[in-house]
Amino acid sequence: MYSLNFGSLTIEQFLAEYWQQKPLLIKGGFANFQDPISADELAGLALDEQVDGRLIQKDGGNWQLDEGPFDSFDKYGDQNWTLLVQAVDYWQPDAARLLEPFRFIPNWRIDDLMVSFSAPGGGVGPHLDQYDVFIIQGMGKRRWRVGMPDASLEQFCPHPRLLQVSDFNACIDDVMEPGDILYIPPGCPHDGISLEPSLNYSVGFRAPAQKDLIGGLADYLLDFQIEGERFNDPGRLRSLSPGEINSRDLGQVRQLMQQLLADDDLLSHWFGSYISQAKRELDLQEPEPHYQAEEIAEYLDEGSVLGRLGGLRCCYQQAKAEGDVQLFINGDRFPLPANEIDSARLLTDRSQLTEAECRHFVQTPERLAFITQLINQGYWYFVE
């Protein structure tokens with residue numbers, strides 16, 4: 001397990017003073033850091049057609065972007081290129097553990113773990129992201145420059161699928177070494193250039209836009225055939241211009257939409273389902289044949305432990321103290337009684353359960369049936 005050290009800062013101070021406000025370089029954030037994945041293993045992942053990989057290369061003043069799956073990397077030489085692989089936490093359990101120290105931010109905000117390998121001189125150019133990111137330096141060294149948000153910066157495309165920004169004033173300009181961590185808030189220009197063969201791990205965070213939220217809610221209403229209330233207008237005044245949409249009508253439309261969002265049950269059920277859906281297809285391995293509950297109980301009683309599938313998104317809600325619990329796993333909602341709050345927390349707060357935590361699920365027939373269902377769906381598995 002990785003232990004995150006903010007130095008003289010507490011997590012509370014970091015959140016109050018830096019989160020979404022200004023960048024921070026944390027020297028030695030992970031002491032004695034060891035790469036959980038090698039450059040060769042990362043390259044192997046990028047050969048798989050199920051994996052989202054891209055390679056960015058600068059040749060003189062020209063930028064080139066190739067998308068995976070790749071056959072080989074021989075043609076790229078030994079300088080000025082970067083291989084980026086998204087969602088490595090879906091495929092590589094050891095790398096997925098890098099997400100755990102950052103769970104002082106709730107699960108629903110964490111996106112995925114991107115891993116990059118850069119040859120000397122490699123980088124993707126100065127650019128902006130619209131989400132928070134922690135960049136962990138693995139093997140090698142990389143120079144990073146980071147600036148504060150600047151509305152005057154010009155964005156341009158040196159390649160049709162590559163957006164960069166003009167040069168910027170850096171408030172951080174430093175060389176990162178293994179175990180160093182760089183936090184970059186949304187909108188901060190940044191540029192990293194590898195000084196030697198290096199690995200970087202980017203813990204990205206979700207920041208859904210209003211259009212995505214509204215679109216997701218609309219899909220939910222359609223899927224579940226939720227019509228809601230209809231527009232009505234008793235006491236309407238005579239219209240002097242039948243072509244006009246007047247401010248009173250527009251206000252009633254706004255009120256109708258706000259009334260929908262004011263339905264706490266609807267909002268919470270939709271958002272939990274929406275935000276727990278996997279970003280990409282999960283590598284589900286359903287056991288064949290399916291386990292029987294008695295088999296699961298025997299294994300857990302004997303000390304077997306369970307791990308959660310990489311990339312599986314889980315969260316829960318308990319709107320009122322002592323109220324029922326809504327557990328969300330991969331877009332599905334599982335209502336649980338209030339006294340099962342500990343079960344919900346174990347399934348959402350832990351990526352791997354201890355022996356004692358596993359035995360929690362054999363204490364009642366209902367818990368045993370539920371964990372058996374999750375194992376048979378491939379969401380949880382026995383750790384070897």
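**Close-up 1. R145 over the ring of F168.** In this predicted model, R145 is placed over the face of F168, at 4.5 Å from the ring centre. Among rings themselves, the structure holds 29 aromatic pairs.

**Close-up 2. The open sheet β10-β7-β12.** Three strands, in the order β10-β7-β12, form an open sheet with antiparallel pairing. Because β10 (172–176) and β12 (190–194) each have a single partner strand, they stand at the edges, and one side of each is left without a neighbour in the sheet. Neighbouring strands of this sheet are turned against each other by 15 degrees on average, direction ignored. Strand β7 (residues 142–146) runs antiparallel to β10 and is joined to it by 5 bridges; V146, for its part, has I172 of β10 as its bridge partner.

**Close-up 3. Packing of helices α7 and α10.** Helix α7 (residues 293–301) packs with helix α10 (residues 365–376) at an angle of about 95 degrees, and their axes are 9 Å apart. Since angles of 65 to 115 degrees count as roughly perpendicular, α7 and α10 are therefore roughly perpendicular to each other. On the α7 side the contact is made by A293, I296 and A297, while α10 contributes L368, I371, T372 and I375.

Definitions and conventions
Residues numbered from 1 in each chain as written. Predicted model: local features only at pLDDT ≥ 70, side-chain atom pairs only at ≥ 80, totals over all residues. Heavy atoms only, no water. Phe/Tyr/Trp six-rings, centres within 6.5 Å; stacked < 30°, edge-to-face > 60°. Lys NZ or Arg CZ within 6 Å of the ring centre and 35° of its normal. Pairing = 2+ DSSP bridges. Helix = DSSP H or I, 4+ residues; strand = E, 2+ residues; numbered from the N terminus. Axes fitted to C-alpha atoms, helices over the stretch in contact; angles between N-to-C directions. Parallel < 35°, antiparallel > 145°, perpendicular 65-115°, else oblique. Contact = heavy atoms within 4.5 Å.
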